[in-house]
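Me: Could you walk me through how to read a few features in a protein model? I'd like the general idea and then the case at hand.

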Amino acid sequence: MWGSSKALNGSRWDTIKNFRQQNALEVHNTGGGEDKISNLPDSILLHILSYLPTRDVVGTCILSTRWKTLWICVDSIDFDDSYLYSSAVFGYPMKVTCFMDFVHRVLQLREESNLKKFRLSCRVCFSALHVSSWLSAVIRHNIQDLDLCLFVEEPFMLPQCVFSSKTLTSLKLEMNCVLELPTSTFFPFLKILHLCLVTFRDDSSTQRLFSSCPMLSELAILDCEWMNLKQVAISISSLKSLIIDDLPFFGSTDDLNGCEIEIDASNLGFLKYSGYLSNEICLYNLSPSVNASIHIPILYEKRNQIAFRAVKLFRGLHKISAAKISSRAIESLFIADIEKDRLPIFCNLTHLELSMELEKHTIGPLKELLQCLPKLQSLHFSEGLDPCMHLCEDDWNLRFVPPCFLSSLKTLKYSNFHGNVSEISFLRNLLEIAKVLEKLNIVCSKRPFGDPKKQKEVKDQLQGRNGGSASCAIKFM
């Protein structure tokens with residue numbers, strides 16, 4: 001069955017094969033030299049082929065007798081119907097038929113071998129039953145890595161065997177419909193779970209999903225709909241990485257009622273949240289080793305509600321050691337209508353990166369936040385200042401110098417440096433109050449600052465200050 005040329009017979013398969021030949025890999029032997037590719041052992045060739053789309057992998061069967069059946073042993077399959085809409089070959093109905101037959105035939109020819117990775121990207125509307133049968137076949141091949149991108153126009157439920165696989169270690173599911181789950185769900189060895197665009201049906205089924213992955217280490221929830229939920233808990237002791245991305249936001253401000261998401265992950269090492277806090281996120285038992293990345297844009301109609309939720313989120317982060325925070329997220333913590341004593345002291349936080357351009361109206365909130373970071377050692381302005389901002393001498397004046405500037409801040413990094421007056425004034429003010437600073441690294445955005453003469457002029461302006469650390473080294477990068 002594996003090597004028989006009869007397996008490739010049939011007029012429909014010949015049509016598909018001819019279509020594949022347009023994208024087949026070519027092995028060139030120019031100048032009569034040695035064909036080094038074909039001399040490689042099968043194991044290396046199979047490894048190379050595993051990185052190619054399956055339509056190209058199958059196309060290699062026309063190269064020589066040796067290649068005719070080699071593709072069948074590749075343990076990674078990648079089907080993508082996007083070429084149907086870019087290719088001018090055949091009419092659309094024929095393209096769809098070719099795609100479905102091609103997938104079916106490839107899977108049929110692999111009846112006796114296991115699969116390591118299977119990726120499928122297609123529109124389900126023309127082949128819902130086929131998609132279900134393909135996935136059932138893949139699960140029987142003891143699949144480890146399953147990556148599905150399904151465009152759905154009608155309700156569609158994945159086959160139950162997907163949710164009880166004993167071999168899956170990675171499941172990535174992008175599907176623009178309600179996520180229908182069977183009553184029994186269990187992934188004993190699943191380590192990676194990515195959900196994108198799905199709508200969670202209800203509290204119980206969603207909770208069942210998050211509770212069915214005892215070995216999960218990486219969870220990403222991207223642009224999913226939580227509107228049907230009231231409360232759900234993500235309590236996974238093995239979890240190392242958690243990403244929740246609720247951007248973009250297309251709903252009305254009434255949709256901010258959301259649900260309560262409780263996260264209890266004592267071994268978490270990385271947490272990333274991007275969104276308008278349409279849901280209330282409560283963090284428990286996070287360790288000091290967590291590296292957090294937070295971006296919270298502000299909907300001004302709901303700024304007080306967002307501020308309360310932002311404060312609650314940051315209270316759960318009070319033990320973390322490193323953070324990347326957008327200027328808007330910092331601004332959301334210090335809305336004028338909210339009481340001033342709400343943030344905890346972040347005693348373990350030693351590294352802070354500001355991930356957006358610093359605007360004039362966010363300087364005040366940043367000053368407030370720095371008062372809460374007594375052990376800060378490294379501060380990075382990764383996008384610099386808003387180039388349209390004009391700073392006055394008093395804009396960075398501090399009534400109370402943050403404790404970290406007096407005792408712990410050793411490194412400042414300023415990226416996207418243009419060399420304008422506001423930036424130089426801003427950095428001079430920082431240098432004057434940073435008493436123990438050892439390094440100021442400046443990453444320039446313009447070529448003129450590659451000129452040593454120009455760099456020296458800026459350095460002289462920065463060093464001509466009063467106070468600050470006498471031993472601080474200024475370096476252009």
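**Reading a helix and its aromatic neighbours**

Reply: Let's begin with helix H11: 10 of its 13 residues are buried, so H11 is largely enclosed by the rest of the structure. Buried means under 20% relative accessible area, exposed over 50%, and partly exposed in between, with a 1.4 Å probe and protein chains only. Helices (H or I, at least four residues) and strands (E, at least two) are DSSP runs, numbered from the N terminus. Before we go on: this is a predicted model, where local features need pLDDT of at least 70, side-chain atom pairs count only at pLDDT 80 or more, and totals for chains, interfaces and linings use all residues. Residues are numbered from 1 along each chain as its sequence is written, and side-chain values use heavy atoms, leaving out hydrogens and water.

Me: What covers the buried residues of H11?

Reply: Look for contact, meaning heavy atoms within 4.5 Å. Here the cover includes E17, helix H10 (403–407), E18, strand E19 (439–444), helix H12 (452–463) and strand E20 (473–476). Among the buried residues of H11 are Ile424, Phe426 and Leu430.

Me: How is a pair of aromatic rings described?

Reply: By the distance of the centres and the angle of the planes. Rings of Phe, Tyr and Trp (its six-membered ring) pair if their centres lie within 6.5 Å; planes under 30 degrees apart count as stacked, over 60 as edge-to-face and the rest as tilted. The whole structure has 11 aromatic pairs. One of them, Phe79 with Phe102, is edge-to-face, at 5.8 Å centre to centre and 85 degrees between the planes. Phe79 lies in strand E1 (residues 76–80) and Phe102 in helix H4 (residues 92–109), so this pair ties together parts 23 residues apart in sequence.

Me: Are Phe79 and Phe102 buried or exposed?

Reply: Phe79 is buried, at 1% relative accessibility, and Phe102 is buried too, at 2%.

Me: Which angle do the rings of Phe381 and Tyr414 make?

Reply: Their planes are at 40 degrees and their centres 6.2 Å apart, so the pair is tilted. Phe381 is in strand E17 (residues 378–381) and Tyr414 in strand E18 (residues 411–417), 33 residues apart. Phe381, Tyr414, Phe417, Phe426 and Phe476 form one aromatic cluster.
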